[in-house]
Structure formats: C-alpha cells, structure tokens
Amino acid sequence: MFKKVLIANRGEIAVRIIRACRELGVRCVAVYSTADKNALHAQIADESVCIGGAATKDSYLNMNAIISAAIITHSDAIHPGFGFLSENAEFARLCEKFGIEFIGPSYKSIEMLGDKAAAKETMWKAGVPVIPGSKGAVRSLDEARKIAEKAGYPILVKASAGGGGRGIRRVDTPEELESQMTVAQQEAKNFFGDDSVYIEKFLINPHHVEIQIIADKYGNTVYLGERDCSMQRRNQKVLEESPSPVVTPELREKMGESAVIAAKQCGYYNAGTIEFLVDDEKKFYFMEMNTRIQVEHPVTEAVTGFDLVKAQIRIASGEKLDISQEDVKINGHAIECRINAENPDLDFRPSPGKIESLNIPGGPGIRIDTAVYQGYTITPYYDSMIAKLIAHGSTREEAILKMKWALSEFIVDGVDTNIDFQLELIKNHDFESGNYNIGYLNEYMEKRKKKK
C-alpha cells in the first residue's frame with residue numbers, strides 16, 4: 001500500500017478521496033490554488049501545497065506544478081479525481097516517467113478511449129453494440145454526407161475528444177450538415193484543442209444508462225450494476241439513480257457483460273464507466289467510456305455496498321480485486337441530486353458568494369458529499385456544484401420519499417442554489433413513475449419557461 005497519496009483535485013471529490021485514504025491508513029497531500037486557500041480539502045489533508053493562481057491552467061491543470069508537489073512531498077501516488085487531469089494521457093505518462101503511480105488506468109488505455117471516435121471503432125471490432133454512424137473520425141464533408149445518408153437523419157456530429165456536452169450538434173437534414181459540422185469542429189477546437197469529429201445516428205429520446213466496472217491489473221473485471229443518467233439539461237447530468245427504471249435483470253446482465261468485454265478489449269484496469277443509450281425496444285448501444293471515477297459513483301456505492309475510491313487506491317497499489325461477479329448484489333435503490341450554486345430561473349446562471357448559513361440534512365439512508373461549510377466563499381473560477389445529496393431506500397418509492405424530505409431540509413443561505421428545482425423534479429409525476437428519457441428535461445424546461 002502507498003505511504004502517501006497526492007490528490008490532484010479540489011472540492012467534494014478531493015474530500016472524498018482524503019477520507020478514503022484515512023480509512024486505508026494512507027497519508028494524503030492536498031494541492032490548492034490561491035483561490036482555494038480556505039477550501040476544506042486544503043485544511044483537512046495531512047499536507048497542503050499551493051500550486052498556482054485561480055485560473056485552472058495555472059493550478060489544477062498545471063501538470064508540472066502538480067508533479068513537482070508530489071516530488072517535494074515524497075508522494076508515491078496521485079489520485080486525479082474527476083475532471084481536470086483525470087483523463088489526460090500525457091499526465092498519466094508523466095506520473096509514470098517520475099515513478100509516481102497514477103491512480104487510474106494506464107495512459108495507453110486513456111489514449112485509446114479518450115478519442116471518442118477511436119473508442120467507438122475499438123468497441124465495434126470487439127463486437128459491442130455501437131450506434132450506427134462513422135467507425136472513426138470523419139475526414140471530409142463528402143465522407144460525412146455518405147455516412148449520414150447511410151445512418152439516416154437525424155444525426156449527431158460529435159467532437160472526438162469531447163465531454164461535458166461540448167462539441168455536439170444535431171443535424172436534421174442534408175442541407176444543415178456542412179454548417180453544423182463546421183460549428184462542431186470549431187467548438188471542439190476551442191474546448192479540446194482537437195477539431196476532429198465523428199457521426200452517429202441520433203436516437204430519439206433514449207435512456208442514458210451507464211455501467212460501472214472495476215478491474216484489477218491481473219485481468220479480473222466485474223460490473224457493479226447500472227446508473228440511469230437520463231435526467232439531463234443540455235447534455236449535462238442533473239440527477240442520477242440506480243438501478244435504472246427501464247433496465248430488467250436480463251438487460252442488466254447483457255449490458256454488464258458487454259461492458260466487461262469493452263474493458264478487457266482495452267486492457268483496462270481501475271474504475272471505469274461504459275455509457276450506453278437504450279432505446280424503446282431495450283436495444284443498447286455503446287456511446288463512450290469514461291476512464292475515471294464518476295461524479296455519480298455514490299449511487300453505485302449505496303446499492304452495492306462497494307467502496308469504489310478505496311478500491312481504486314488498492315488496485316493502483318497492486319492488490320487483486322477481492323470480489324467476483326457472483327458477489328455483486330443490488331440492494332434497494334439510490335438517487336443522487338447534484339446541488340449547484342446557480343439560479344434555475346436565470347438560465348442556471350452561476351451564483352458565487354459567501355454561504356451565510358447552512359443546514360445539511362441527515363438521517364438513515366442520507367449521504368452528503370460536499371466541501372462547503374458555513375462562512376465558505378464560493379468562487380467564480382470553478383464548477384458550480386457544491387454538494388451531492390444521495391438518498392438510499394429499500395425501494396425506489398422509499399428513496400424518492402427520503403430525497404423529498406432531505407431536499408426540504410437542505411438550506412443554503414447567501415447564494416442561489418438549485419435545491420428547490422431538484423425538489424420540483426423529484427415531486428414531478430413523470431419522474432416518480434419513471435416516465436422520462438434523455439430528452440425529457442429539455443422539453444420540461446421549455447414548458448416551464450412558458451408558464452413563467
């Protein structure tokens with residue numbers, strides 16, 4: 001086991017990793033920007049190192065500063081969390097170069113799966129169902145036209161290096177293809193430094209269902225059920241639940257087995273998530289693989305009792321998985337609401353500022369992952385998510401009921417939040433009945449605007 005782990009992240013995920021390290025008896029080092037000098041993760045770690053200015057490029061994306069911090073603190077491993085450098089193959093390669101264990105997959109796996117077009121081609125070769133479209137990046141407009149015609153409109157033009165809903169354009173007719181492809185390429189270039197795009201058939205309002213896998217360095221791989229992430233606004237997740245309301249035990253087994261095949265095809269180890277789209281006929285298609293811990297991992301932990309972050313650290317240190325597929329049982333139902341400092345009535349405008357008072361809910365089956373505290377100032381430099389609220393019950397109905405009360409008890413004064421909006425969604429009849437899909441929330445927001 002490692003002696004000391006540096007956490008190359010901030011916020012609630014950094015706090016989550018620190019706690020996992022404590023349970024394993026491992027010392028931990030926090031890095032922080034000048035804007036985060038009073039952040040919780042910087043205060044509770046065994047050691048803390050300032051790595052640069054408020055801008056992410058000067059701090060949490062500054063590979064040289066992070067590696068230097070690891071060297072001077074004698075850290076033997078780095079946990080990247082999610083976001084920032086967590087899926088950066090160059091950073092994983094740098095860790096290896098300096099003899100620091102990267103708590104994640106190999107840089108080769110990250111390279112293979114980080115390019116969405118290349119990942120899709122890899123899955124196609126492995127026999128994993130993929131959405132009809134291009135088998136790799138599209139090289140010209142003529143090629144795009146032929147692929148789109150064969151797949152059938154509507155289609156999506158997507159950034160190969162994309163993520164977070166960026167670099168995606170829907171194309172409904174052949175006449176729109178050239179302009180929308182140009183926009184997608186430009187956005188991809190701006191956000192990811194790579195203008196390559198690929199094409200896939202646009203499935204009308206499917207469910208977004210992802211399979212959590214965990215794999216060690218010796219070829220042992222298991223899947224830990226699924227999460228339904230269909231409640232999305234502009235391709236960004238708002239709340240998640242496990243298990244999915246639309247997945248049967250038979251479908252879960254098929255998707256899980258495909259996810260394991262996908263991971264093994266890439267020589268994958270550590271935690272990873274294979275994302276699928278599921279249509280009305282219960283057919284599923286590979287969308288992408290995330291080579292890191294996910295924001296929504298707590299719902300999987302709640303229904304399986306498996307600590308994913310501790311497993312990540314153990315696997316990186318060379319330990320074998322201590323469970324087999326037969327050991328994985330789904331217990332009850334869990335829902336996660338992402339609590340953001342934003343104003344839903346002003347197009348979800350971020351709301352930085354000082355938290356004047358704070359009441360965090362609790363009780364059986366309620367979990368809060370957060371790094372904020374009363375008196376903490378939310379800065380404008382980073383993502384607006386300030387907490388994750390997780391409710392676990394023996395049934396979906398019980399989990400929903402617990403979430404309603406937890407949201408009602410969650411009070412944050414001093415900044416705007418989406419707590420009331422999340423409560424509105426949880427109380428919605430369509431959500432309660434499981435009658436929603438990936439397009440539901442966008443339509444809901446349009447109707448909501450008209451009412452106001």
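## Reading strands, cores and rings

Biologist: Which residue takes a positive phi in the hairpin of β10 and β11?

Modeller: That's R234, with phi near 55°, and the hairpin has two residues between its strands. Helices (H or I, at least four residues) and strands (E, at least two) are DSSP runs, numbered from the N terminus. Two strands pair if DSSP finds at least two bridges between them. Here β10 and β11 run antiparallel and are joined by four bridges; Q232 has K237 in β11 as its bridge partner.

Biologist: Before we go on, what am I looking at?

Modeller: A predicted model: local features need pLDDT of at least 70, side-chain atom pairs count only at pLDDT 80 or more, and totals for chains, interfaces and linings use all residues. Residues are numbered from 1 along each chain as its sequence is written, and side-chain values use heavy atoms, leaving out hydrogens and water.

Biologist: Back to β10, then. How many bridges does β9 make with β10?

Modeller: Six, in the antiparallel sense, with β9 covering residues 207-215. V209 has D228 in β10 as its bridge partner. These two strands also form a hairpin, with five residues between them, and in its turn G219 has a positive phi of about 90°.

Biologist: Why is β10 described as largely enclosed?

Modeller: Look at accessibility: buried means under 20% relative accessible area, exposed over 50%, and partly exposed in between (1.4 Å probe, protein chains only). In β10 (residues 221-233), 13 of the 13 residues are buried, so the strand is largely enclosed by the rest of the structure. β19 pairs with β21 over five bridges, antiparallel, and T370 stands opposite A387 in β21.

Biologist: What about sheets? What is the strand order in the open sheet of three strands?

Modeller: The order is β7-β6-β8, with antiparallel pairing. The edge strands, each pairing on one side only, are β7 (168-171) and β8 (197-201). On average, neighbouring strands here are turned by 25° against each other, direction ignored.

Biologist: How do I read a nonpolar core? Which residues touch the most other members in the largest one?

Modeller: Such a core is a set of buried Ala, Val, Leu, Ile, Met, Phe, Trp, Tyr and Cys residues joined through side-chain atoms within 4.5 Å. The largest has 37 residues, and I339, L389, L407 and I426 touch the most other members. Elements giving two or more residues to this core include β11 (236-242), β14 (333-340), α12 (396-409) and α13 (419-427). Leaving out residues up to four places away in sequence, L407 touches C337, I339, L389, I419, Q422, L423 and I426. Apart from this core lies another, of 33 residues, with V5, I7, C21 and L321 among them.

Biologist: And the aromatics? How many pairs are there?

Modeller: A pair of aromatic rings is described by the distance of the centres and the angle of the planes. Rings of Phe, Tyr and Trp (its six-membered ring) pair if their centres lie within 6.5 Å; planes under 30 degrees apart count as stacked, over 60 as edge-to-face and the rest as tilted. By this rule the count is 10 aromatic pairs. Take Y440 and Y444: the ring centres are 6.0 Å apart and the planes at 25°, so the pair is stacked. Both sit in helix α15 (residues 440-451), four residues apart, about one turn of the helix. Y440 and Y444 are both buried. Elsewhere, ring pairs link Y60, F84, Y381 and Y382 into a cluster.

Biologist: Which residue lies over the face of F348?

Modeller: R233, at 3.8 Å from the ring centre. A charge sits over a ring if NZ of Lys or CZ of Arg is within 6 Å of the ring centre and within 35 degrees of the ring normal. R396 also lies over a face, that of F431, at 4.8 Å from the ring centre.

Biologist: Last one, on the backbone. Where does a cis peptide bond join Y153?

Modeller: At P154, with omega about 0°; P154 lies in the loop between α7 (141-151) and β6. The peptide bond from S242 to P243 is cis too, with omega near 0°.

Key. Contact means heavy atoms within 4.5 Å. Axes are lines fitted to C-alpha atoms, for helices over the stretch in contact, and angles run from 0 to 180 degrees between N-to-C directions.
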